[in-house]
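Subject: Structure for you to look at

Hello,

Here is the structure I promised. Please open it alongside this note.

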Amino acid sequence: MLWAQVEAMRRGEEYVEREHLLLGLLHGEGTGAIRLLEGIGYAPEELRLRVAGLLVIEPGKPRAESSTLAPGARQIVEQARRETEATGHDFVGTEHLLLALLHDAPSSVVESGLTYDAVAQALSSGMADALAEEALPPSPKIPARPGFLRGRHFLSVLDLSGDEVEALFELVREIKLGQVAKVGVGKTAALLFDKPSLRTRVSFQVAMTRLGGASLFLSREEVGLGQREPVKDVARVLSRMVEAVVIRTFSHDAVVEFANFSDVPVINALDDYEHPCQALADFYTIREHRVQTQGQKLVFLGDGNNVAVSLMLLAPTMGTHFTLACPPGYEPPVAVVKHARELATRYGTQLEITNDPILAADDADILYADVWTSMGQEEESKKRLEDFAGFAINEKTLREAKEDALILHCLPAHRGEEITDDAMESSQSAVFDQAENRLHVQQALLAAVL
């Protein structure tokens, strides 16, 4: 039901209709509804794409702040309760909601092979008992509530387990629906930034405000981390005055040292090694647009930089295949690649690094670009423009990817270099959803560690 509201709100709709309920139903993995669909030989992903195609987001239409059930949707929920009684179950599961959606459903929702009778028959077969057993998870999940990571540092995507990422994403969904309390009242987060920022600074400051707290911005000129005074001294001073520290700097070692001497949670908002907050927002965005991250092929075109490293290390946990296409000499550190390959083997995903962008883009579910020249590399700009020619999201790479490939970019974008203007503005682009999700993910992260 939360996902149905998200689907409606993303499209600027104030009311949740039947189609939004169906899209919400198709989120997740291994649910009763999805198992029923697969049991009758129907691919859930095909249904999701078909329904999503009927609900195209109008360009320029603002996102709705909230959404409520339309009268027709309320009737479907009531029908789901009746379906529960008919099956003799003592819970309302996704399978019952699927039956309710198919009850007197219009042709826009169903097509040949997906009917109420077919699903009802499958539910009444031996599958029903298996679904009933799955109504209760085999092991308790991490509660998605503020404070579930209280006191923890977040310096790398590897600091969170798969279950913790899922709990964080659940908290993000609740935040986007306005259901998280102001847990930051009376608390202050220090934003210690050695690098300039738009999205990171604004999103963290707004996030802390929405939690009811305050933020204090500290620039390089004011602090000079590791220059005016030692990192460990700054850490011990700030942690006696604020409740959290967000760091955006150059050296990953400095971030680690700061955390070692801090008594309050430290969040890595970017360093030269990783950009973990960006990767979390990216995968949340993929989940919103592609229902699941498992089995998706994510192709990163460009430098093996901090964004690529965080995506590469998080992808296996999310069940995502990852391909990096970069010019020779721009690969991530050898140790990172080795670790990523070990994770890919453990989680059963694929990791590929190639110097051929066209080969990499083949059959991609997601194409991701980043600027070719990052902060601190300005003197290399001319050489990088030459080296990275061809490693862009453009007509050629999009032709190799899947027809509906999702387009991502962490911004700022140099239109005409690593991504064309047409790609940025296309219906496949989720770039600005991705930017917005930085706010929601980071608000959830702050709520979790405070």
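Axes are lines fitted to C-alpha atoms, for helices over the stretch in contact, and angles run from 0 to 180 degrees between N-to-C directions. Helices (H or I, at least four residues) and strands (E, at least two) are DSSP runs, numbered from the N terminus.

This is a predicted model: local features need pLDDT of at least 70, side-chain atom pairs count only at pLDDT 80 or more, and totals for chains, interfaces and linings use all residues. Residues are numbered from 1 along each chain as its sequence is written, and side-chain values use heavy atoms, without hydrogens and water.

Start with two helices. The axes of H1 (residues 2-10) and H14 (residues 276-290) come within 11 Å and cross at roughly 90 degrees. Contact means heavy atoms within 4.5 Å. H1 brings Trp3, Val6, Glu7 and Arg10, and H14 brings Tyr284, Arg287, Glu288 and His289.

Next, the sheet. Five strands form an open sheet in the order S9-S8-S7-S10-S11, with parallel pairing (strands pair if DSSP finds at least two bridges between them). On average, neighbouring strands are turned by 15 degrees against each other, direction ignored. S8 (residues 321-325) pairs with S9 over four bridges. Leu324 has Ile353 of S9 as its bridge partner.

H14 also lies across S7, S10 (366-369) and S11, at about 160 degrees to S11. H21 (residues 431-449) packs on the sheet too, touching S10 and S11.

Last, a loop residue. Asn305 lies between strand S7 (297-301) and helix H15 (306-314). Its side chain reaches the backbone nitrogen of Val307 at 3.2 Å.

Best wishes

Note on methods:
Polar contact = N/O pair within 3.5 Å; in protein donor to acceptor, adjacent residues only side chain to side chain.
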